[in-house]
Amino acid sequence: MTKINKYTSLERRFVVTVGLGMLLFSLIAGASYYQYLFINEVEGANDLQKQLVETVRSQAEVGVFTQNKPIANEVIQSLLVNPTILAVRVETLTDFRVEKTRKASVDFSNGTVYPLFSPVDHKEQMGSLIVIQDQDHVNQSAANRSIFNAVLMVVQTIIATVILMVMFRRLVARPVADLAKKMKEITPGQGVYLKVEERHRHDEIGLLSQCANSLLRATEDALKTVHAANQSKSEFLANMSHEIRTPMNGVLGMIDLALGIPLPTKARDYLDHAKTSSRMLLGIINDILDFSKVEAGKLTLDPIEFDLEALLDEVVALFRRDIDRKKLELLVFFPPKGPLLLVGDKLRLRQIITNLVANAVKFTEKGEIIVHVAIIDQTKDDIRLQFSVKDTGIGLTEDQISRLFTAFSQADGSTTRKFGGTGLGLTICKRLVSLMDGEIWVESTFGAGSQFYFTVSLGHKTMPGNANHLPPVSLENLNILVVDDNDNARAVFTEIFASINLPIELASSGSETLLKMREAHESGHPFNLILLDWRMPAMDGVEVATAIRLDPLFGNSPPKIILMTGFNREDVEKEARQIEINAFLSKPISPSLLFNTIMDVSGIPVDSHYGKTEKLIDINKLIRKVGGAKILLAEDNLINQKVAQELLKNIGMEVTLANDGLAAVTLVQQGEYNLVLMDIQMPVMDGYNATRAIRSDPRLAQLPIIAMTAHALTGDREQCLLAGMDDYITKPIDPDQFYEILEKWIRPTGSTVDVDGILARRAGGEYATTMLRELPGIHVESGLRRLGGNVTLYQTMLGEFNSDYSMATKAIMVALEGRGPLENALRLLHSIKGIAGNLGAQFLYESARSLEKAILEEERDRWQELLSQFATCLNQVLESTHPFIPKKNTIITDDRSAVADGNNVDREKAGTILLELLERIQHADISAQECVVLLREILQDSNSQTELELLASSLDVFNFKKAKTHLVSIADLLQISLKNQS
């Protein structure tokens, strides 16, 4: 049955109401009519019986008077013609009787008695005529005729009702419904005039239609005005944010340059504050740009493969400093056995989570923040996740919740509000969640905190090396005690350890810890490993650890202690320096990091993959097989050179460097090498042409050449193979894949190498695995892994990256705005992409990759948005790497790249251009690149092409100091004096 509610249309209300009413009326009327007809039918049968009796009465009186049986039988027979009469008897007052029945046994005492009188005077009663009626037959006949007539009446009523409804619908309901439909179709920004049909009526409906048309015309004009204003606003926001960002990036760039030179303490403090304020302003501008994209419907997604655990680690790193400052606890929980390798827009998902965590940190002064991820649904290729961010902050009122996802809306809108912000973040998050086929909502209690939820639909894949979560046999008997005063933290640890099949016991305080340890020791099953929280009431983690180490009860079998903290790690390490702590972990702790740390303190070597251990016997075998091999590394980027060199030297190989493809060809022709690692994008000659040149020499046809590039697009591998290369390694370099490729292509050298010495150098000394402090935007463990744990080299590379690329955003912007060739931006992005991946700056790697792809595919409408994301990621990495900037830039020049003596160079013309270039460099003039173009033509046959390309690369990133150094080197090679100008 149709259900009526407040959203039911008028037409349907009428149909349902009138239809049900008329049906009920028809049923009642039909029942009444049936009863009336039935009674009439029964009475009619009785009247007919009486009429028949009156018809034969005189003949029956004659038969009784004469006692003539034939006459009596004739009377009876004439009555039995009526099927409703069951039996008839004619009898006298004496013994004369004639009867006939339709049944064998009939009781005439229940029959209707009609007296028979003398035919002579009609006064004296002589006998009786008894008639028995078949009542069942009478009732059945009456019922049949009554039902037929009643049903006929109901059908006629229904037909009349339908006709009435049709007429009402055509004359009343349909015009009103059409009018309502047209009015409903009026939506802001539709821009289409919808006229209501007036039907030339002169009644109230016609008048209503005329009024509606007038209203529609006025509404349409207003909508056009609003739409134009909205479009202008979106264009204004986009243009304004772009125009502001351009000088703002210049301001940030100049501040970074200023901070890179010696300054008075007060001046540096001023610049640090200016930099912080500038970044805040840039963040607001980015929000405005995203909002304008949302309103214009141009906000799109760029799906890639990404690791959920790494994404959450990166988000946590962003807020570690604020968490430490406020002494909050940040907990992250996600399904340890769920698929961690997802497919989606990683940057946008990170933006949503970052925004929600940022709000939680901003509005929480004490307590904890919990980030939770749950699997809602999962198929073979797709997964639906629910994220939640819960805090113990100030909470929200119902009125604030109702305005929460409205643009430019703040929970506290007063001018004296404590918390700032544009009020755009949640609006943008809502749009991003919608693009990911999800929804976002909030539950909150004012004064008791809030919990934001959002769902997204993503793809997923099986992560290599993550199929088996079982611990090694050596850990199966490990007795673990986890100590944390936070209930939620203990719940997270319980779930993590359950996922890797390691049983644990829990304690919530220092005193309970010591008690459980003594009980376990007395029972003969002491704890082998203690995971100890630092910040606890009564006794903190350091005090508990000290008590354990000083207790003689545990002297013979001291447990391993891992100290966990959600606060400043340097302070904890300093405080715990006097006691034996086996490892430190910073909260929130991911399952993979926890697992690897347990493996490490248990003496089992591990790498950064979850549940996967490095097999020293394989490294031993690799060193014995390929140790001593001679490798030619063709790579133009200094940082990438160091990464590859470190990986190669780590297994005992001899490495020769070539800064460009032409130098690589020359070196291969002059020496003997076991393998060539060939970068693709290099100055002078790229990797493709260098490979073709090498393959053109029949002597080098069998030399293994491995492509090593940040290009990872479809078809790149095929292009490398077509050029004559044997295999393909992508940047950032994965050590396992790198070594696997080397083992595959290098023939056994037969060289005698000190395997034990190499392994010892990998395990200790220069390659100590002491972790750096957390660096926002950089996954330190991943970067160190690529360098075999060489912390000193890693710090040097971080500083060199900062020196080389501090002005990269400005250089790319110049190219994207048409003030320079796009090739400059592509070359710069390509370099940053490879270096960022090797350093562990994954988000910078991905943002550079996205912008590079958009430039190659000419998606100009996305350039500014992606440049903004790139600038944010780069600025974060630059801020993290600033403490590692070297005091002096070291310029490395490989003279072996010389291919000509330069005697044919027009030195006079070259000197004039070099002097002009030097002047522009000294004035930091971005037009200096124009001189480089002229120099390329003059120096094409000289031995200074490598230095010229390095000079051009320095100018690309506005590193004028380094460019001047290369300029001086060119002048020295050409024997041109610049003394009077420098």
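Where is Thr 84 placed, between which helix and which strand? I looked this up first in the model, which is a predicted one. Thr 84 sits in the loop that runs between helix H2 (69–80) and strand E1 (85–92).

I then checked its surroundings. Thr 84 has a relative accessibility of 11%, and the cut-off for buried is under 20%, so Thr 84 counts as buried. With neighbours within four places in sequence left aside, I found Thr 84 in contact with Gln 133, Asp 134, His 137 and Val 138.

Next I went to the salt bridges. The structure has 16 salt bridges. I noted a network of them that links Arg 89, Glu 91, Arg 97 and Glu 99.

I looked up Arg 325 and Asp 322. Their salt bridge has its closest N and O atoms 3.6 Å apart. The two residues are 3 apart in helix H6 (residues 308–326), so about one helical turn separates them. Arg 325 is exposed at 57% relative accessible area, and Asp 322 is partly exposed at 29%.

I turned to Lys 346 and Glu 846. Their side chains form a salt bridge at 2.8 Å, N to O. This pair links distant parts of the chain, 500 residues apart: Lys 346 belongs to helix H7 (residues 346–362) and Glu 846 to helix H26 (residues 842–856). Lys 346 is buried at 2% relative accessibility, and Glu 846 is buried at 3%.

My last entry is Arg 348 with Glu 865. The closest N and O atoms of this salt bridge are 1.8 Å apart. Arg 348 lies in helix H7 and Glu 865 in helix H27 (residues 863–881), 517 residues apart. I recorded Arg 348 as buried at 2% and Glu 865 as buried at 3%.

Note on methods. Residues are numbered from 1 along each chain as its sequence is written. This is a predicted model: local features need pLDDT of at least 70, side-chain atom pairs count only at pLDDT 80 or more; totals for chains, interfaces and linings use all residues. Side-chain values use heavy atoms; hydrogens and water are left out. Helices (H or I, at least four residues) and strands (E, at least two) are DSSP runs, numbered from the N terminus. Buried means under 20% relative accessible area, exposed over 50%, partly exposed in between (1.4 Å probe, protein chains only). Contact means heavy atoms within 4.5 Å. A salt bridge is a side-chain nitrogen of Lys or Arg within 4 Å of a carboxyl oxygen of Asp or Glu.
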